[in-house]
Amino acid sequence: MLEILAEKILDNRFLRLIGGMLKAGYLEDWRYHPTLSGCPQGGVVSPILSNIYLHKLDEHVERVLIPRYTRGSERRANPAYIRYKNRRWEVSKRGDRAEARALLRKMRSMPSRDTMDPGYRRLRYTRYADDHILGFIGPKAEAEEIKGDLARFLRDELKLELNQEKTLITHARSQRARFLGYDIAVRHSTSAKITNGRRATNGQIVLLVPPDVIRSKCAPYRNHGKPAQRTGLLSLRDYDIVQAYGEEYRGIVNYYLLAYDVWRLATLQWQAQTSMLKTLASKHNSTVTKMAARYRATIETSHGKRRCYEARVERQGKKDLVARFGGIPLRRNRLARITDPPPVPIGPRRKELAQRVTRHWCELCEQGSAMVEVHQVPSLKSLGQPGPNQSAWAALMAKMRRKTLIVCATCHEHIHATPITHAA
């Protein structure tokens with residue numbers, strides 16, 4: 001690493017600083033361990049150093065491998081296809097339309113170019129951080145040679161070992177390659193839709209949503225095979241619950257909008273939506289149907305109107321705070337860009353009580369208030385046993401499992417005027 005940096009950087013003080021950082025070691029369970037190799041994991045400068053280090057790999061592929069395994073301007077014509085094409089021209093000239101249609105179907109069942117042309121090769125290379133993929137048009141034997149060359153270069157020049165388990169050679173038509181969370185494949189169909197007289201589908205490189213990714217993203221919303229409530233969110237406001245579900249779902253969908261089959265995320269949408277409604281229903285002791293009717297909304301999108309779920313917080317003199325779940329058309333967008341606002345800088349984490357107070361939100365009447373107060377009990381046992389005679393504020397504190405309750409002045413007076421348990 002220091003030799004690579006020294007090629008462009010002549011400041012020895014800076015190089016000594018980097019060298020000291022690489023050898024600084026790390027603490028685990030309050031025990032010091034020396035750094036034997038690699039960049040410090042989680043270090044601020046580690047991604048930059050890794051990118052500089054693997055730039056040598058980029059140069060080797062671009063200057064050696066791509067010129068070696070790229071030749072020919074185009075594939076030669078398929079002789080069988082040419083024979084059917086000439087035969088079809090002859091029968092069409094005679095007026096035999098049935099035979100011409102039969103020959104056309106045969107032509108569409110085979111490639112117009114020789115896919116095994118030895119004079120045609122193409123190699124493409126893409127890298128993101130330490131993950132890279134190569135697309136190669138050619139026989140498997142030459143693909144094995146490319147893999148071996150990469151392993152030798154990494155071992156001899158960069159002192160790295162190629163991960164044999166993750167570095168796979170797959171056939172793009174029958175198998176999928178995983179890259180940056182997407183499955184990459186080549187589409188092929190003998191009965192594909194004809195566009196402008198051509199089989200536009202065949203040979204296209206497509207990005208797909210991996211089925212195992214959908215299953216793993218649905219797992220947090222399921223319990224015993226069905227969508228379930230998330231008890232950890234029950235103490236939050238409705239706005240915060242909808243916002244939490246909406247941010248999780250929107251992040252996944254925005255990332256996979258480039259996929260050809262992004263519509264498969266409808267399964268995730270239903271699972272997360274049902275879990276959200278069950279969480280809200282459990283908080284309000286209501287039903288999923290009533291919660292859906294209460295928070296359902298319609299918004300305008302680039303593909304027309306879409307149904308979603310919204311929770312609002314009214315503010316005096318300001319726009320309402322709106323938390324939204326759904327409303328994203330599950331259609332492929334080749335020019336998709338993440339439209340979420342930039343992250344807000346987060347300072348030192350506050351205590352939960354301080355966060356609840358600064359919201360200026362009465363947890364009993366669920367209304368905003370300029371001034372809020374804290375009602376506190378000595379212990380949860382003092383709230384009494386749950387039942388129909390228990391006061392609403394005591395039942396709410398028992399359900400939240402909190403000895404404090406943030407309330408407005410009116411509700412605070414009502415609490416002191418109401419006993420924990422009403423007389424039967």
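Visitor: Which residue forms a salt bridge with aspartate 117, and how far apart are the closest N and O atoms?

Guide: Start with the general idea: side chains of opposite charge can pair when their charged atoms come close. The rule used here asks for a side-chain nitrogen of Lys or Arg within 4 Å of a carboxyl oxygen of Asp or Glu. Aspartate 117 makes its salt bridge with arginine 76, with 4.0 Å between the closest N and O atoms. Aspartate 117 sits in the loop between H5 and S3 and arginine 76 in the loop between H3 and H4, so the pair links distant parts of the chain, 41 residues apart. The labels follow DSSP runs numbered from the N terminus: helices are H or I with at least four residues, strands are E with at least two.

Please keep in mind that this is a predicted model, in which local features need pLDDT of at least 70 and side-chain atom pairs count only at pLDDT 80 or more, while totals for chains, interfaces and linings use all residues. Residues are numbered from 1 along each chain as its sequence is written, and side-chain values use heavy atoms, with hydrogens and water left out.

Visitor: Which salt bridge does arginine 76 form with aspartate 114?

Guide: Arginine 76 and aspartate 114 meet through their side chains at 2.8 Å, N to O. This pair also links distant parts of the chain, with aspartate 114 in the loop between helix H5 (97-108) and S3, 38 residues from arginine 76.

Visitor: Is aspartate 114 buried or exposed?

Guide: Relative accessible area decides: buried means under 20%, exposed over 50%, and partly exposed in between, with a 1.4 Å probe and protein chains only. Aspartate 114 is buried because its value is 14%, and aspartate 117 is buried at 9%. Arginine 76 has 46%, so it counts as partly exposed.

Visitor: How many salt bridges does the rule give?

Guide: The count comes to 22. A network of them links Arg176, Arg178, Asp183 and Asp212. Another salt bridge joins arginine 312 to glutamate 310, with the closest N and O atoms 3.4 Å apart. Glutamate 310 is buried, at 11% relative accessible area.

Visitor: What is the bridge partner of glutamate 310 in S12?

Guide: First the idea: strands of a sheet pair through backbone hydrogen bonds, either parallel or antiparallel. Two strands are taken as paired if DSSP finds at least two bridges between them. Glutamate 310 has arginine 324 as its bridge partner in S12. Strand S11 (residues 304-313) runs antiparallel to S12, and six bridges join them.

Visitor: In what order do the strands of that open sheet come?

Guide: The order is S10-S11-S12, with antiparallel pairing. Strand S10 (296-301) and strand S12 (321-326) each have a single partner strand, so one side of each is left without a neighbour in the sheet. Neighbouring strands are turned by 50 degrees against each other on average, direction ignored; axes are lines fitted to C-alpha atoms, for helices over the stretch in contact, and angles run from 0 to 180 degrees between N-to-C directions.

Another open sheet of three strands has the order S5-S6-S7, again antiparallel. Its edge strands are S5 and strand S7 (205-208), each pairing on one side only. S5 and strand S6 (residues 182-186) share three bridges, and alanine 177 stands opposite isoleucine 184 in S6.

Visitor: How many residues lie between S3 and S4 in their hairpin?

Guide: Two residues lie between them, and alanine 129 in the turn has a positive phi of about 60 degrees. Strand S3 (residues 122-128) and strand S4 (residues 131-137) pair in the antiparallel sense over seven bridges, with isoleucine 137 as the partner of arginine 122 in S4.

Visitor: Where are lysine 159 and histidine 360 found, and what is the phi of each?

Guide: As background, most residues other than glycine have a negative phi. Lysine 159 has a positive phi near 60 degrees and lies in the loop between helix H6 (140-156) and strand S5 (177-179). Lysine 159 counts as exposed, at 65% relative accessibility. Histidine 360 has a positive phi near 55 degrees and belongs to the loop between helix H11 (352-358) and strand S13 (361-362). Histidine 360 is partly exposed, at 37%.
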